[in-house]
Amino acid sequence: MNNLVRAISWDGSVICCAVDSTRMVGEAERIHQTSATVTAAMGRLLTASSMMGSMMKNTEDSVTLRLAGDGPMGAAIAVAEGTGDARCYVVNPVVEIPLNQYGKLDVAGAVGKKGTLSVVKEVGLPEPVMSHSPIVSGEVAEDITYYYAMSEQVPTVCGLGVLVNPDLSVKAAGGYLIQLLPGADESAIDQIEKNVNALPPVSQMFDEGMTAQQVAFRALEGLEPQILDERVVSYRCNCSRERVERALVSIGAEELMRLAEEQKVTEVDCHFCNKKYRFNSDELRNLIQK
Ligand code: ZN
């Protein structure tokens, strides 16, 4: 079933992307073996990246979010393709901290309340488009909202949520991103404000069985929403032996020679999917010729 939907108001002035990322975040938890709080933080970032990827012009485009706060989790990175498929990586997968004052997983405590959100977009230009905005709360959704306001000057409302089961698997995850396009009038803005205030927490909506389309339509209630497009998005890594070879070449001939002499087999693990690539000494030496 399509788990990412983009809908637009009747007059084209408000767009909403919604995604049920339960399976995607579940896969991230299985790969990275994260503690509950990190699953929530990493899952929110992954979910946001998937929506941001799906809003890019071309499927070949990509967006990388790097959330680097001063909390114990360290930096988290999520990369999404223009298809909306995404992958992620976190420096410290296991952070055990108490619940916050509301009895919820303390995402801001894991991320940190100071630091930088970097957004790098590859849109087919010779250089990627890069921007940085400060972390404002460490809860991720507000940090994404702030990024859009500061760097893209697009008024945005972002909701992100991850529910974790007692056995650490992911119970429900999802998000929405509402954006006002040029031409949005006061009445549409008032309506969105009313809708957002009435929305239950996003993970609760998906946990209760709402679909991405239902969430998007609820966010745009009263604005005669129509579906713009919908698709299936999942956790996907695009690593390959060829890419790993290029990465090895980039560390330089001297280092490759040292590795070839020190060990029979050099193993390189992909940070995003844990796939292992093995190179014997002859293969490393061949790379030096390249
Ligand atoms: Zn990989």
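Is Cys237 buried, exposed or partly exposed? Cys237 is partly exposed, at a relative accessible area of 22%. Here buried means under 20% relative accessible area, exposed over 50%, and partly exposed in between (1.4 Å probe, protein chains only). The model is predicted: local features need pLDDT of at least 70, side-chain atom pairs count only at pLDDT 80 or more, and totals for chains, interfaces and linings use all residues. Residues are numbered from 1 along each chain as its sequence is written, and side-chain values use heavy atoms, without hydrogens and water.

Cys237 belongs to a zinc site. The zinc ion has the protein donors Cys237 (SG), Cys239 (SG), Cys270 (SG) and Cys273 (SG), 2.2 to 2.3 Å away. Donors are N, O and S atoms within 2.8 Å of the metal (3.2 Å for Na, K and Ca); water is not among the atoms, so sites may look incomplete. The donor residues follow the spacing C-x1-C-x30-C-x2-C. Cys237 sits in the loop between β10 (226-231) and α8 (241-250), and Cys270 in the loop between β11 (265-269) and β12 (276-280), so the pair ties together parts 33 residues apart in sequence. Helices (H or I, at least four residues) and strands (E, at least two) are DSSP runs, numbered from the N terminus. Cys270 counts as buried, at 11% relative accessibility.

Asp85 lies in the loop between β4 (76-81) and β5 (86-90). Asp85 is buried, with a relative accessible area of 7%. Its side chain makes a polar contact with the side chain of Arg236, at 2.9 Å. A polar contact is a pair of N or O atoms within 3.5 Å; within protein, one must be able to donate a hydrogen and the other to accept it, and residues adjacent in sequence count only if both atoms are side-chain atoms.
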